[in-house]
Amino acid sequence: MKVVAFLNPENGTCAQTLSFLYKLHQLGAKIEKVYLVLENTYHAEKWVLSFAMPVSKEEIEGIKKTYVKKILAEWEALSGNTDLPVEARVDEIKKMVKELNLEGIDQIVLGCLDEKSLCKLIETLDKPVLIVKN
């Protein structure tokens with residue numbers, strides 16, 4: 001079984017979601033990718049830009065790296081390694097999922113998403129979804 005996960009670590013530690021992913025991994029599932037969807041940063045960036053206050057690419061990249069490190073540290077605590085494929089993006093979850101090719105993915109795991117984003121996303125997915133409450 002191939003699994004893709006979408007998390008927003010800006011909404012919490014995502015520890016329960018990562019623990020669940022680790023259990024799936026132990027049962028033989030292949031974690032293809034964990035996407036960190038930084039929606040809060042995306043909306044803040046749009047808001048700041050609307051006031052003509054530029055946000056540097058370095059600041060955004062720093063935020064993304066910080067969250068990737070936190071997720072990998074949590075995964076390492078569970079598994080003993082950092083071999084989890086993680087990618088951070090500053091975007092809206094619904095838009096991002098729509099742009100990705102999820103062909104060949106058997107299961108989608110969602111965690112740390114706010115209710116508004118979650119509801120919008122579920123309406124559009126055509127794959128089995130597991131939602132982990134943090």
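Biologist: How many aromatic pairs are there by this rule?

Modeller: The count comes to two. Rings of Phe, Tyr and Trp (its six-membered ring) pair if their centres lie within 6.5 Å; planes under 30 degrees apart count as stacked, over 60 as edge-to-face and the rest as tilted. This is a predicted model: local features need pLDDT of at least 70, side-chain atom pairs count only at pLDDT 80 or more, and totals for chains, interfaces and linings use all residues. Residues are numbered from 1 along each chain as its sequence is written, and side-chain values use heavy atoms, leaving out hydrogens and water.

Biologist: Why is the pair of Phe6 and Tyr35 called stacked?

Modeller: Their ring centres are 5.3 Å apart and their planes stand at 15 degrees, so the pair is stacked. Phe6 lies in strand 1 (residues 2–7) and Tyr35 in strand 2 (residues 30–37), so the pair ties together parts 29 residues apart in sequence. Helices (H or I, at least four residues) and strands (E, at least two) are DSSP runs, numbered from the N terminus.

Biologist: What makes Tyr22 and Trp75 an edge-to-face pair?

Modeller: The centres are 5.6 Å apart and the planes are at 85 degrees, so the pair is edge-to-face. Tyr22 lies in helix 1 (residues 15–26) and Trp75 in helix 3 (residues 57–79), so this pair ties together parts 53 residues apart in sequence.

Biologist: Why does Tyr22 count as buried?

Modeller: Buried means under 20% relative accessible area, exposed over 50%, partly exposed in between (1.4 Å probe, protein chains only). Tyr22 has 17% relative accessibility, so Tyr22 counts as buried. Trp75 has a relative accessible area of 2%, so Trp75 is buried.

Biologist: How do you know that Cys14 and Cys112 form a disulfide?

Modeller: A disulfide is a pair of cysteine sulfur atoms within 2.5 Å. The sulfur atoms of Cys14 and Cys112 are 2.1 Å apart. A search of the whole structure finds one disulfide.

Biologist: What makes Glu61 and Lys64 a salt bridge?

Modeller: A salt bridge is a side-chain nitrogen of Lys or Arg within 4 Å of a carboxyl oxygen of Asp or Glu. For Glu61 and Lys64, the closest N and O atoms are 3.1 Å apart. Both residues lie in helix 3, three residues apart, about one turn of the helix.

Biologist: Why is Glu61 called partly exposed, and why is Lys64 called buried?

Modeller: Glu61 has a relative accessible area of 37%, so Glu61 is partly exposed. Lys64 has 19%, so Lys64 is buried.
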